[in-house]
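Here is a short briefing on one protein structure. Keep the sequence and the 3D view side by side as you read.

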Amino acid sequence: MQIEVNNASETRQVAQLLASYIEPNDIILLDGELGAGKTMFTKGLALGLGIEHNIKSPTFNLIKEYHQGRIPLFHMDVYRLEGVGGGDLGLEEYFNGGGVSVVEWSQFIQAELPQDFLRIKIIKDEYNDQQRTLQFTATGAHYKKLLLMLEKEYANFK
């Protein structure tokens, strides 16, 4: 599935729609270059979960936890783990901790990732700095179903 968005507000709206289908222990991987909108997407997801805190990239902390919404949000930025991996972080405790785990720069912890997840690649438009393409890839039956529900909801939303 692919969605074209024209600005940051539309990115947040897509994420808010997705949040209504999120279940405990869901894993969302966000890929894209610096400034693509990974944290903006996470902000929209948090709003959709009922989390009103200011969401910032956890670049220096690696993981930030938000427990105020419908389910907890575990926001991970593993950019600093390039070449090191996340084997000693206990990531499986987050992945199975009853919340939704959002992982930015997931390629750096590939060995620690579960088999099933939803991957969202955010691609900046080379001619318009505001536009993005959101490419969704579902691995596993649960995430394929989630993606079908999002696709239907987004079609009705537009």
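A helix here is a DSSP run of H or I with at least four residues, and helices are numbered from the N terminus. Helix α3, residues 91–95, contains Leu-91. Keep in mind that this is a predicted model.

**The sheet**
- Seven strands make up an open sheet with mixed pairing. Their order is β1-β7-β6-β2-β5-β4-β3.
- Two strands stand at the edges: β1 (2–5) and β3 (63–66). Each has a single partner strand, so one side of each has no neighbour in the sheet.
- From one strand to the next, the twist averages 20°.
- Strands of a sheet pair through backbone hydrogen bonds, either parallel or antiparallel.
- β1 pairs with β7 (residues 132–139) in the antiparallel sense, over four bridges. Gln-2 has Gln-135 in β7 as its bridge partner.

**A helix across the sheet**
- Helix α1 (residues 8–19) lies across β1, β2 (27–31), β6 (117–124) and β7. Helix α1 runs at about 140° to β1.

**Leu-91**
- Is Leu-91 buried or exposed? Buried means under 20% relative accessible area. Leu-91 has 2% relative accessibility, so Leu-91 counts as buried.
- Leu-91 and Ile-109 are 18 residues apart along the chain. Their C-alpha atoms are separated by 9.5 Å.

**The aromatic pair**
- A search of the whole structure finds one aromatic pair. The ring centres of Phe-74 and Tyr-94 are 5.2 Å apart. Their planes stand at 70°, so the pair is edge-to-face.
- Phe-74 lies in strand β4 (residues 73–77) and Tyr-94 in helix α3, so the pair ties together parts 20 residues apart in sequence.
- Both Phe-74 and Tyr-94 are buried.

How values were computed. Residues are numbered from 1 along each chain as its sequence is written. This is a predicted model: local features need pLDDT of at least 70, side-chain atom pairs count only at pLDDT 80 or more; totals for chains, interfaces and linings use all residues. Side-chain values use heavy atoms; hydrogens and water are left out. Two strands pair if DSSP finds at least two bridges between them. Axes are lines fitted to C-alpha atoms, for helices over the stretch in contact, and angles run from 0 to 180 degrees between N-to-C directions. Contact means heavy atoms within 4.5 Å. Buried means under 20% relative accessible area, exposed over 50%, partly exposed in between (1.4 Å probe, protein chains only). Rings of Phe, Tyr and Trp (its six-membered ring) pair if their centres lie within 6.5 Å; planes under 30 degrees apart count as stacked, over 60 as edge-to-face and the rest as tilted.
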